[in-house]
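Please read the following briefing alongside the sequence and the model.

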Amino acid sequence: MSKPVPTGARAEVHETVELRHTLTARNHNLPPVYSTPNMIELMEMACFHALQPFAEGDEITVGTHIDVRHSAACGIGDTVRAEAVMESFDGRFYKMRACAWVEKDGAVTTIGSGTIGRAFISV
């Protein structure tokens with residue numbers, strides 16, 4: 001059984017956008033902008049890292065629900081950051097507030113935000 005996870009447990013991750021992270025990688029007719037599936041994956045990794053310190057034994061967390069909006073584009077060479085913060089829980093289900101952003105020329109642009117559900121499981 002996992003240790004109690006305090007409200008506010010958080011983690012931040014980042015990646016630099018490469019061609020493989022873009023719509024072009026999925027279909028050559030699409031523009032070379034960061035794809036929604038890649039943004040969600042980065043947010044999921046932030047959630048994983050926020051909760052993993054509270055796992056015990058062979059436990060990990062897995063996604064159970066995604067409610068995310070992708071609100072702005074970014075391109076190859078941009079560094080995307082994602083943060084996840086544990087907001088609430090109901091039994092073994094955890095609600096994470098997630099957001100992704102890009103900092104460029106001193107300006108911060110939020111590219112996505114929403115909630116992600118996760119649960120501890122034994123592997």
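Strand 1 and strand 3 are paired antiparallel through 7 bridges, where pairing requires that DSSP finds at least two bridges between two strands, and strands (E, at least two residues) and helices (H or I, at least four) are DSSP runs numbered from the N terminus. This is a predicted model, in which local features need pLDDT of at least 70 and side-chain atom pairs count only at pLDDT 80 or more, while totals for chains, interfaces and linings use all residues. Residues are numbered from 1 along each chain as its sequence is written, and side-chain values use heavy atoms, with hydrogens and water left out.

**Strands**
- Glu-15 has Val-80 of strand 3 as its bridge partner.
- Strand 3 also runs antiparallel to strand 4, to which 10 bridges join it, and Arg-81 is partnered there by Trp-101 of strand 4.
- These two strands form a hairpin with 2 residues between them, and Gly-91 in the turn has a positive phi of about 65°.

**Helix 2**
- Helix 2 (residues 36-51) has 16 residues and reaches 23 Å from its first C-alpha to its last, close to the expected 22 Å, which is 1.5 Å times one less than its number of residues.
- Its buried residues (under 20% relative accessible area, with exposed over 50% and partly exposed in between, for a 1.4 Å probe and protein chains only) include Asn-38, Ile-40 and Cys-47.

**Cysteines**
- The whole structure holds 0 disulfides, a disulfide being a pair of cysteine sulfur atoms within 2.5 Å.
- For Cys-47, the nearest cysteine sulfur is that of Cys-99, 11 Å away.
- Cys-47 is buried at 0% relative accessible area, whereas Cys-99 is partly exposed at 23%.
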